[in-house]
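Open the model in your viewer and follow the stops below. Each one says what to select and what is there.

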Amino acid sequence: MAEVIAIPGQPQNVVLPAKKGPRGEVFIYATWCKGCHICVEFCPPKVLAMDADENRPRIVAPEKCTACHFCDTHCPDLAIVVRKLE
Amino acid sequence: MNDAHIYEAHDLKHDEGQLPPENWFDRSETLQKLRKNKKFPTIWCSGCGIGIVMGALIRAIDHLGLDNDKVALVAGIGCTARMAVYMDFNTLHTTHGRALAFATGLKIARPDMKVIAIMGDGDALAIGGNHFIHTARRNMGITALVVNNTIYGMTGGQYSPTTPLGGRATTAPYGNIEPPFPICDLAIAAGATYVARSTVYHALELDKFLAEAISKDGFSVVEAVSYCHTTFGRLNKLGTATDMMRSLKDNSIAKSALDRLPPEEQAVNTKIVRGKFIDTDRPQYTQVYANLITRVQGGEK
């Protein structure tokens, strides 16, 4: 819900969210991560990308997260937590 | 840390650098049930599915709303059995293959506890195969979580009772010639009251099956199909952890989907079948035992 856009032809004070559906926020605790690539390879909207230098995932597109909880349920080291935003 | 006196008494150095910041554990219910004073990360290889099963087990217990002190985890030896060490429940780390034997004793002494035996495939079916069938026959009120990674990972990749036919292992360099054990069929034949199978790719399904199995009164078995990419995957050229994870997704089929296929296609199915295979009720051992005590003591003068 980070971004809001105005709809043409409508009163300017009416703003709608940029994307529909639930949104999420990703937290990564990099000390526990072993760099197995599971979260990066399987994330449906590609929120995460691998940091080549550190071999750790990095959040590159936080606004795309749909709180599907794939990464936090499939992280073998429990190093990811996804919180659903209201 | 409130256990500083333990470290002091044993002259151990507490490695502060390995401990996460205090607020990390508060971020989710799953992390709340981990041992706060344990060194993380876990001992498993990067990308191992056993960590995913651990997360599923914690979520299942959390979903049932069980008290931590009313849950006992009994583990044997092996990669999978290390799982019990990281969780904040009553835990018993026992000898190789005897997790169910120790769990039987624990359940008879404390029938009010939810006892979960965590075993690998070799632990449950080779070394502890005898205990597995007899615990099922008696219908002890135990949940057996069998993580099937088709190999003995911790000892260096020897073939196990579930290694597929033709699969290479360090003790089967020209391919395994022994047919594998079907864990779920064995458990059903031996008399388990709840048997289900899922894979680590389908982690949320695993949560559901584990929650159902733990809430079951009799002996329940959940087979979690995992993978070992560092020994089995390397010897059989199956790729990295993500490749093996993707193959679990592609090479598994839900039982409901399989049942809809024509019989000739069902007969040639080679995919891993996921689903609940049996869910029945039978008198549970500790209940029968308590009834026996009542009957015998009531009969005496």
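This is a predicted model: local features need pLDDT of at least 70, side-chain atom pairs count only at pLDDT 80 or more; totals for chains, interfaces and linings use all residues.

**Stop 1**

Seven residue pairs, both partners at pLDDT 80 or more, are in polar contact between chain A and chain B. Now color the elements of chain A. On the side that touches chain B, β3 (23-28), α1 (38-42), α2 (70-74) and β6 (80-85) of chain A each give two or more residues. By class, that side of chain A has 14 nonpolar residues, five polar and three charged.

**Stop 2: the salt bridge across the interface**

How many salt bridges are there between chain A and chain B? The count is one. Select A:Glu41 and B:Arg246 to see a salt bridge: their side chains meet at 3.3 Å, N to O.

**Stop 3: the whole interface**

Select the residues in contact on both sides. Chain A brings 22 residues, and these touch 34 residues of chain B. Together the two chains bury about 2,200 Å², with 70% of that area on carbon and sulfur atoms.

**Stop 4: a salt bridge inside chain A**

Stay on chain A. Select A:Glu25 and A:Arg83, whose side chains form a salt bridge at 2.7 Å, N to O. A:Glu25 sits in strand β3 of chain A and A:Arg83 in strand β6 of chain A, so the pair ties together parts 58 residues apart in sequence. Over all chains, the salt bridge count comes to 14.

**Stop 5: α6 and α7 of chain B**

Move to chain B. Select helix α6 (residues 129-138) and helix α7 (residues 183-190) of chain B. Their axes come within 8 Å and cross at roughly 45 degrees. The two helices, α6(B) and α7(B), are therefore oblique to each other. From α6(B), show B:Phe132, B:Ile133, B:Ala136 and B:Arg137; they meet B:Ile183, B:Leu186, B:Ala187 and B:Ala190 in α7(B). This contact of α6(B) with α7(B) has seven nonpolar residues, no polar and one charged.

**Stop 6: α4 and α6 of chain B**

The axes of α4(B) and α6(B) are 8 Å apart, and the helices pack at an angle of about 35 degrees. B:Leu100, B:Ala101 and B:Thr104 of α4(B) make the contact with B:His131, B:Phe132 and B:Thr135 of α6(B). By class, the residues of this contact divide into three nonpolar, three polar and no charged.

Definitions and conventions
Residues are numbered from 1 along each chain as its sequence is written. Chains are lettered from A and ligands numbered from 1 in the order in which they are written. Side-chain values use heavy atoms; hydrogens and water are left out. Contact means heavy atoms within 4.5 Å. Buried area is the accessible area (1.4 Å probe) that two parts lose on being put together, summed over both. A salt bridge is a side-chain nitrogen of Lys or Arg within 4 Å of a carboxyl oxygen of Asp or Glu. A polar contact is a pair of N or O atoms within 3.5 Å; within protein, one must be able to donate a hydrogen and the other to accept it, and residues adjacent in sequence count only if both atoms are side-chain atoms. Helices (H or I, at least four residues) and strands (E, at least two) are DSSP runs, numbered from the N terminus. Ala, Val, Leu, Ile, Met, Phe, Trp, Tyr, Cys and Pro count as nonpolar, Asp, Glu, Lys and Arg as charged, and the others, Gly among them, as polar. Axes are lines fitted to C-alpha atoms, for helices over the stretch in contact, and angles run from 0 to 180 degrees between N-to-C directions. Angles under 35 degrees count as roughly parallel, over 145 as roughly antiparallel, 65 to 115 as roughly perpendicular and the rest as oblique.
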